[in-house]
Amino acid sequence: MKKKTYYSNKLSIRSTTFISTVILIIFILVASNKITHPQLYITVQPLNGCLNTTSLSCKNTISSSVVTPFSPNQELNGRERFLSAIARKLTIIPQPGTFEYILLRAYGAAFVNPDTEIKLPQKDIFANEQETQEFQDTLIMGQVDGTKDCYLQKSAADALNKARLLQNIPLKSGYGSGDCTRTFATNLRFWHKYANNQMLERVQQGKETKILGLVAPPGTSQHLWGLAIDLRVSNQQQKQALNQNGWFQTVENDIPHWTYVGLREENLPQFGLKNQVVRGTTYWVTPLQLLDVMQSREYSIRRYIVRE
Ligand SMILES: [Zn+2]
């Protein structure tokens, strides 16, 4: 009886030891996972921020644990990545086959700007001076250094001023406001310098696109958004200084025209923008196809897809 108790005790000690060891192993595994997980979180999170946004937003990401920088799902194709990015700024996404879609294809690169300080209009065409003015009244503007009356949205002006500290980059016309943020009337005046109403009709029907690289139809210029400037850029160092500060050529064939995209060059493809070299000039254009425009002829039936 005594012997039996002894064996039974010995057995229970062994099983207790075994269970304790298992618990200890589980504890170590859980504990080590808890240690490595936050380490991963801390290092990966700011890195994503720096990769996907401007250096300014990157700093914000590190200091704030709440705001997660947006990056399109890289499993989507270029067109889908672009559309998912612009949906954050453009509440109404134009449908293929519409004039608004043609404009988005030509001038829409500015809509991928991730900077929350940057404002873009709800749609890519203003009907008149009043609509333009109402939008411009909501903007926080900044002056381009060394100019009398050249204004851009503040983040865009700040970035341009940084580039112009690195290199001497003159405005196309010297220092006039016509190179910077324009009124509806100025946009209209420029259009009539190069084109007429018949041309506008052809553009609206997708039959003519080249003119869009020369002059913007009334109410559609990136200059109305305070995110574009016309510059006299003659060398690679000037281009580099602009690119490093989020400024790119985004309108094909419009050589003096620069757009504030607010991204690093290596991140532009993530947002669906395509690198297009035309006669030695690199443009970052939208991935929207003219074919999308030509195939769809359902004008005025359903002009927009409204984002949920
Ligand atoms: Zn321009």
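1. Two strands are taken as paired if DSSP finds at least two bridges between them. By that rule β4 and β6 pair, since 3 bridges join them in the antiparallel sense. The model under discussion is a predicted one. One of the facing residue pairs here is isoleucine 229 opposite tryptophan 258 in β6.

2. On β5, the partner strand is again β6 (residues 257–260), with 2 bridges and an antiparallel run. Tryptophan 247 faces tyrosine 260 in β6, and phenylalanine 248 faces threonine 259 in β6. Together the 3 strands make an open sheet with the order β4-β6-β5 and antiparallel pairing. Its edges are β4 (228–230) and β5 (247–248), each of which pairs on one side only.

3. Strand β6 has side chains on two sides. His257 and Thr259 point one way from β6, while Trp258 and Tyr260 point the other way. The four are buried, whichever way they point. As a rule, side chains in a regular strand alternate between the two faces of the sheet.

4. Asparagine 253 has 16 other C-beta atoms within 10 Å, so it is classed as partly exposed.

5. A separate hairpin is formed by β7 and β8, with 2 residues between the strands. β7 (274–278) and β8 (281–285) are separated by a loop that holds arginine 279. The two strands are antiparallel and share 5 bridges; among the paired residues, lysine 274 has valine 285 in β8 as its bridge partner. Arginine 279 is another residue other than glycine with a positive phi, near 45°. Is arginine 279 buried or exposed? With 6 other C-beta atoms within 10 Å, arginine 279 is exposed.

6. Helix α6 (residues 154–166) passes a simple length check. Its 13 residues should span 18 Å at 1.5 Å a residue, and the end C-alpha atoms are 19 Å apart, which agrees. The buried residues of α6 are Ser155, Ala156, Ala157, Ala159, Leu160, Ala163 and Arg164. They pack against β2 (141–143), β3 (151–153), β4, α9 (236–244), β5 and β6.

7. Helix α7 (residues 184–194) has Phe184, Asn187 and Trp191 as its buried residues. Viewed down the axis of α7, these fall within an arc of 65°, so they line one face of the helix. In general, an α-helix has 3.6 residues a turn, so residues three or four places apart point the same way. Ala185, His192 and Lys193 are exposed on the other side of α7. The element against which the buried residues of α7 pack is α5 (129–136).

8. Glycine 206 sits in the loop between α8 (197–204) and β4. Glycine 206 counts as buried because it has 22 C-beta neighbours inside 10 Å. Glycine 97 is 109 residues away from glycine 206 in sequence, yet the two C-alpha atoms are 7.9 Å apart.

9. The largest nonpolar core has 56 residues, of which Ala110, Val112, Leu152, Leu160, Ile229 and Trp247 touch the most other members. Helix α4 (residues 99–107) supplies the largest share of this core, 7 residues. Nonpolar side chains tend to be buried together in soluble globular proteins.

10. What does alanine 110 contact, leaving aside its neighbours within four places in sequence? The contacts of alanine 110 are Leu120, Gln222, Trp225, Leu227, Thr259, Tyr260 and Val261. Two of these, Thr259 and Tyr260, point opposite ways from β6.

11. Some totals close the note. The chain contains 10 helices and 9 strands. It has 308 residues, 35% of which count as buried. Among its contacts between residues at least 6 apart in sequence, 67% join residues at least 24 apart.

How values were computed. Residues numbered from 1 in each chain as written. Predicted model: local features only at pLDDT ≥ 70, side-chain atom pairs only at ≥ 80, totals over all residues. Buried ≥ 20, exposed ≤ 12 C-beta atoms within 10 Å, placed from the backbone. Contact = placed C-beta atoms within 7 Å. Arc of directions from axis to C-beta. Expected span 1.5 Å × (residues − 1). Core = buried A, V, L, I, M, F, W, Y, C linked by C-beta atoms within 7 Å.
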